[in-house]
Amino acid sequence: MKALKYLTVAFVSLGLIVAFVPKQTVTPMKINSEQIVTEIKQKAYYISSDDLASIIINKDPLYKLVDVRDVAEFQSYSLPGATNIDLKDIISTNWEEFMNQDKYTIVLYSNSNLEAVEAWILCRQKGYENIYVLQGGLNNWYETIVNPKHPASTLPDEDQAKYDFRKAAGKALGVDGNDSSAVASPVKVTTGGSKPTTGPKKKKKGASGGCG
């Protein structure tokens, strides 16, 4: 009984202390660098292009896509339903309500992993939850969903099944690599030394909002 009385007094005191602390000093949730490093090593923040294709095709309303490239790149090519938030604005107050929430999952993407992972780190440092990154970015999306390569006949049936899924997903999304309406490869990876892909680019407007 004595212990219960002590705890009650302690919680009341803590509540009073918090109530008088300036709001701006308690509302931002900060994640320390050690936790960020641990999460980076675990790589649990990645979502595969196959999983994302299923999400987009099924118009899952619990997912929102965020393209962190600049406006020009976004307008040149973007994923269906994506919202464009430039990396430099990803934790700005203008987008805080959209980014810092627990109602849906956000998938960040860029041309490769680089900018999207940078955006993820910024978001996690601010304490934002439910933030993921499209693994390999748009370049991997192009290689796996838009233009998948047929597996060798010597490979397991699992590889053929994955190829069949990707072909079907590409057709469902209207980006099948063998179709005349296929989009061009997203663009180059600006920092990784990958060879830029050339070819005609088809203008495509990026939609605002989520996958639903």
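Reader: Among contacts in the chain between residues at least 6 apart in sequence, what share join residues at least 24 apart?
Author: The model is a predicted one. Take its contacts between residues at least 6 apart in sequence. The share that joins residues at least 24 apart is 70%.

Reader: What pattern of helices and strands does the chain follow?
Author: The chain holds eight helices and five strands. Read along the sequence, their order is α-α-β-α-β-α-β-α-β-α-β-α-α.

Reader: What percentage of the residues of the chain count as buried?
Author: The chain exposes about 12,900 Å², and carbon and sulfur atoms supply 56% of that area. The chain has 212 residues. Those that count as buried make up 38%.

Reader: Where in the sequence is S49's contact W141, and how many residues apart are S49 and W141?
Author: S49 is found in helix α3. Apart from neighbours up to four places away in sequence, S49 touches L134, N140, W141, T144 and I145. In space, the C-alpha atoms of S49 and W141 are 5.7 Å apart.

Reader: Is S49 buried or exposed?
Author: The side chain of S49 makes a polar contact of 2.8 Å with the side chain of T144. The relative accessible area of S49 is 3%. Buried means under 20%, so S49 is buried.

Reader: Which residue's side chain makes a polar contact with the side chain of D50?
Author: D50 is found in helix α3 (residues 49-57). At 15% relative accessibility, D50 is under the 20% cut-off, so D50 counts as buried. Beyond four places in sequence, D50 touches I145, K162, F165 and R166. The polar contact, at 2.9 Å, is with R166.

Reader: Why do the buried residues of α8 line one face of the helix?
Author: An α-helix has 3.6 residues a turn, so residues three or four places apart point the same way. The buried residues of α8 are Y163, R166, K167, A169, G170 and L173. Seen down the axis of α8, these buried residues line one face because they fall within an arc of 165°.

Reader: Which helices do the buried residues of α8 pack against?
Author: The face of α8 turned away from its buried side carries the exposed residues D157, E158, K171 and A172. The buried residues of α8 pack against α3 and α7.

Reader: What distance does α8 reach from its first C-alpha to its last?
Author: Helix α8 has 17 residues. Just after α8, G174 takes a positive phi of about 75°. The reach of α8 is close to that expected at 1.5 Å a residue, and its value is 24 Å.

Reader: The side chain of N84 reaches which residue's backbone oxygen at 2.9 Å?
Author: N84 lies in strand β3 (residues 83-84). With a relative accessible area of 18%, N84 is under the 20% cut-off, so N84 is buried. A polar atom of its side chain lies 3.0 Å from the backbone oxygen of R69. The backbone oxygen reached at 2.9 Å belongs to D67.

Reader: How far apart in space are N84 and V71, C-alpha to C-alpha?
Author: Beyond four places in sequence, the residues N84 touches include D70, V71 and W95. N84 and V71 are 13 residues apart in sequence. C-alpha to C-alpha, the distance between them is 7.1 Å.

Reader: At the start of helix α2, a side-chain oxygen of N32 reaches to within 3.2 Å of the backbone nitrogen of which residue?
Author: Helix α2 covers residues 33-42. Just after α2, K43 takes a positive phi of about 55°. At the start of α2, the backbone nitrogen that the side-chain oxygen of N32 reaches is that of E34.

Conventions:
Residues are numbered from 1 along each chain as its sequence is written. This is a predicted model: local features need pLDDT of at least 70, side-chain atom pairs count only at pLDDT 80 or more; totals for chains, interfaces and linings use all residues. Side-chain values use heavy atoms; hydrogens and water are left out. Helices (H or I, at least four residues) and strands (E, at least two) are DSSP runs, numbered from the N terminus. Buried means under 20% relative accessible area, exposed over 50%, partly exposed in between (1.4 Å probe, protein chains only). Contact means heavy atoms within 4.5 Å. Accessible areas come from the Shrake-Rupley method with a 1.4 Å probe; for residues, only the protein chains shown count as cover. A polar contact is a pair of N or O atoms within 3.5 Å; within protein, one must be able to donate a hydrogen and the other to accept it, and residues adjacent in sequence count only if both atoms are side-chain atoms. The expected span of a helix is 1.5 Å times one less than its number of residues. The arc is that of the directions from the helix axis to the C-beta atoms.
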